[in-house]
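Here's a quick tour of a protein–DNA model, taken one region at a time. Keep the viewer open as you read.

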Amino acid sequence: MIRRGPHGGRDQSAKQEGAEDNMEEREAIDLAADWADISQGLRKDLGHQLFTQWIKPIQLGKLDHDTGTLDLFLPTEFSATWVEDRYHDRLSLAWKIASSDVRHISIKVHPGRRKIADLDLRGQDGFGHRAANDASLAMESIGDDGFTASVGLDPSQTFASFVTGSTNILAKNAAERMAKAEKPQFSPLYLKAATGQGKTHLLHAIGHSYLQTHPRARIFYCSAERFMVEFVQALKSNEMIEFKARLRGFDLLLVDDIQFIIGKASAQEELLYTIDALLNEGKRLVFAADRAPQALDGVEPRLLSRLSMGLVADIQPADIELRRAILESKLTKFAPLEVPGDVIDFLARTVSRNVRELVGGLNKLIAYAQLTGQEVSLQLAEEQLTDILSANRRRITIDEIQRTVCQFYRIDRSEMSSKRRARAVVRPRQVAMYLAKVLTPRSYPEIGRKFGGRDHSTVIHAVRLIEDLRQRDADMDGDVRSLLRQLES
DNA sequence: GATTCTTATCCACAATGAG
DNA sequence: CTCATTGTGGATAAGAATC
């Protein structure tokens, strides 16, 4: 698995080595071999389509031994941003596992390609800043006096750029108070949200805001994953005491994705002591995770109680109004650019899972439109965003359909499986079968089974019948439409 | 209530496609 | 090749419609 070249301690040896050319060549071969392994794994993980679209075009750059940073090149600004956004963590982790010389990865546009200025969507919109999560700079900046840029906080992720709605206002207010108030009323603050709902954004924002009011504050920001890496490194090199001392010197501790700490008993222990020490001094602690503290199984109870003793603020998934507001706010960044209202509406309505995807979709659309010189239109959106759309189509179950249809026609749920053939129950049953075929990927036999074990040809008959009826009967069409609307929201 | 008509259902079987 | 899915035509009996 771990491929090691014959040149282990490169940092020292490479500079004195006479045969430098040879070294470089060997290294390039090693990296290429590692990359072959990694991309094999990713191919399995991501599936063929995603792999060929995003991973395959990646070209290996050089490894900088001083910083341990490996460059990965993509042919376009857009694909670089995309890969950065979606796969940075994965790639980074895979490389760290494959080669101990690689400590960070950097995803860039291939220097050979001309950078299209118009398409430079980064920077303004918070898209493609996953690297900041890594906070590789956080630990390195400990020596200095908390200079903002080196803390690893993404400068675009501030409270000002955080769009609020009813689902996240609570968490935002809590975060703001954590950053502003002189004495924190609660600590730690625990942010709970599914991926892509903005917890990382809030974490960064707290950092920035606190730094504004306390310019000399010492802030620690990192993901729990990163925490683990640092921890293990300190452990290996017998620098634990130093490591502990550093940790306790911070005024504000921001730890992202603490669910990753599950199962690492020793790191948990260390985190626990750090929390206690910082809490006693009235320091501020903020944690973020994708689940409630109680749901972090594998974390010891003492740590759990520390995590939940402050305020646990839940960020609900963005609702449609918030999603629209986010898009509008991003849109002001492309000021002269016209994006029709129905496109915004379409995006806000369909991509519901993940805000990153939402913004990513908008970026992709705009980039594509500019590349091809087309107008941004609803049609273009439907064509270009098929991957995002299919991933976001809410998984509607047959049970859900049956419930909704029964409610709509005011009949009992049991009629879906009953043997009765009265019009009043057969029609709804057939409508439900039709909807099951249209809205789910289930096969005819499977649908038949869900309707009292009916034959698959019965389902086919029902689907065709309702299709036919929708054409000729306006009432039926209206019924189906309103059912579709109900089910898809 | 007895009748004819309509059709929801099941069955047997062919064609097709994924693994 | 095997298995599951889709699709066709036919038979039957449960309801609907008509008297």
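## Around lysine 199

Setting aside residues up to four places away in sequence, lysine 199 touches Leu191, Ala193, Ala194, Asp257, Ala288, Ala289, Asp290 and Ile315. Bear in mind that this is a predicted model. Lysine 199 sits in helix H8, and with a relative accessible area of 5% it is buried, because anything under 20% gets that label.

## The annotated binding site

Lysine 199 also turns up in the UniProt record: an unreviewed entry carries a "binding site" annotation that covers Gly196, Gly198, Lys199 and Thr200.

Where does glycine 196 lie? Look in the loop between strand S4 (189–193) and helix H8 (199–213). Glycine 196 has 11% relative accessibility, so it counts as buried. Once you leave aside its neighbours within four places in sequence, glycine 196 is in contact with Asn354, Val355 and Arg356.

## Where the protein meets DNA strand C

Now over to the DNA. The residues surrounding DNA strand C are Arg420, Arg421, Ala422, Arg423, Lys437, Ser443, Tyr444, Pro445, His456, Ser457, Ile460 and Arg464. Of the atoms of DNA strand C that come within 4 Å of the protein, 65% belong to sugar and phosphate. By residue type, the surface near DNA strand C splits into five charged, four nonpolar and three polar.

Lysine 437 has a side-chain N or O atom 3.2 Å from a phosphate oxygen of DNA strand C. With histidine 456, a side-chain N or O atom lies 2.9 Å from a base oxygen of DNA strand C. The elements giving two or more residues to this surface are helix H19 (423–439), helix H20 (444–450) and helix H21 (456–472). Which element gives the most? That's H21, with four residues.

## Arginine 302

One last stop: arginine 302, in helix H12 (residues 301–308). Its relative accessible area is 38%, so arginine 302 is partly exposed. Not counting residues up to four places away in sequence, arginine 302 touches Glu269 and Leu272. Arginine 302 and glutamate 269 are 33 residues apart along the chain, and their C-alpha atoms are separated by 9.3 Å. There's also a polar contact of 3.0 Å between the side chains of arginine 302 and glutamate 300.

Methods:
Residues are numbered from 1 along each chain as its sequence is written. Chains are lettered from A and ligands numbered from 1 in the order in which they are written. This is a predicted model: local features need pLDDT of at least 70, side-chain atom pairs count only at pLDDT 80 or more; totals for chains, interfaces and linings use all residues. Side-chain values use heavy atoms; hydrogens and water are left out. UniProt positions are given in the numbering used here, feature names are shortened, and annotations may be inferred rather than shown by experiment. Buried means under 20% relative accessible area, exposed over 50%, partly exposed in between (1.4 Å probe, protein chains only). Contact means heavy atoms within 4.5 Å. A residue is near a molecule or strand if one of its heavy atoms lies within 4 Å of it. A polar contact is a pair of N or O atoms within 3.5 Å; within protein, one must be able to donate a hydrogen and the other to accept it, and residues adjacent in sequence count only if both atoms are side-chain atoms. Ala, Val, Leu, Ile, Met, Phe, Trp, Tyr, Cys and Pro count as nonpolar, Asp, Glu, Lys and Arg as charged, and the others, Gly among them, as polar.
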